[in-house]
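Hi,

Here is the structure I promised to pass on. Have a look at it first, and my notes follow below.

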Amino acid sequence: MAENTNLEPVKEEVEMTEGAERTRPRRVFVPRASIYEAGDEITIMVDMPGVKAENIDITMEKNELKINGMVSFDAPEGYSLVYREYSIGDYERSFVLPRDIDREQVNATVKDGVLKLTLVRAEAYKSRKINVQLAG
């Protein structure tokens, strides 16, 4: 996939899966994400502008991580919206996780419209050095 060098926000609308129904009549977008790995940690950074921490729902079932974010853009008190360039819509994204992720050590934070998920490999799957001894 070519990297977007244009500084304008890019949003890709989600297609409804068969049998799925929306409980909110809103557009839904796939948020852009970056995945980093360092040692036994995987970090996923997801762009979700306009989503507050209390409006993010993250679930893990089997080896699938699902992220849903509800956007609420309200005009400041005493003001009414005159013009908007940014499309309003919620976010949905899912990732297939490796089996070695410790489901009890997943941390999520959100700051400045970016969701940061930190996943840690389970102790049983971490690499370890095995010492070889001279047989006697």
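A quick definition to start: I call a residue buried under 20% relative accessible area, exposed over 50%, and partly exposed in between, using a 1.4 Å probe and protein chains only. Also, this is a predicted model, so to speak: local features need pLDDT of at least 70, side-chain atom pairs count only at pLDDT 80 or more, and totals for chains, interfaces and linings use all residues. Residues are numbered from 1 along each chain as its sequence is written, and side-chain values use heavy atoms, with hydrogens and water left out.

With that cut-off, Lys 62 is exposed, at a relative accessible area of 72%. Lys 62 sits in the loop between strand 5 (51-61) and strand 6 (64-71); strands here are DSSP runs of E with at least two residues, numbered from the N terminus. The phi of Lys 62 is near 55°, a positive value in a residue other than glycine.

Asp 112 is another one to look at: its phi is positive, about 55°, although it is not a glycine. You'll find Asp 112 in the loop between strand 8 and strand 9, and it is exposed, with a relative accessible area of 72%.

Going through the pairs:

- Strand 3 and strand 4 (residues 41-47) are antiparallel over six bridges, and Ile 35 is opposite Ile 44 in strand 4. Their hairpin has two residues between the strands, and Gly 39 takes a positive phi near 60° there.
- Strand 4 and strand 9 run antiparallel and are joined by seven bridges, with Asp 47 opposite Val 114 in strand 9.
- Strand 8 and strand 9 (residues 114-120) pair in the antiparallel sense over five bridges, and Asn 107 faces Thr 118 of strand 9.

Which residues does Thr 118 touch, leaving aside its neighbours within four places in sequence? Thr 118 is in contact (heavy atoms within 4.5 Å) with Glu 41, Ile 42, Thr 43, Gln 105, Val 106 and Asn 107. Thr 118 counts as buried, at 14% relative accessibility.

Cheers

Definitions and conventions
Two strands pair if DSSP finds at least two bridges between them. Helices (H or I, at least four residues) and strands (E, at least two) are DSSP runs, numbered from the N terminus.
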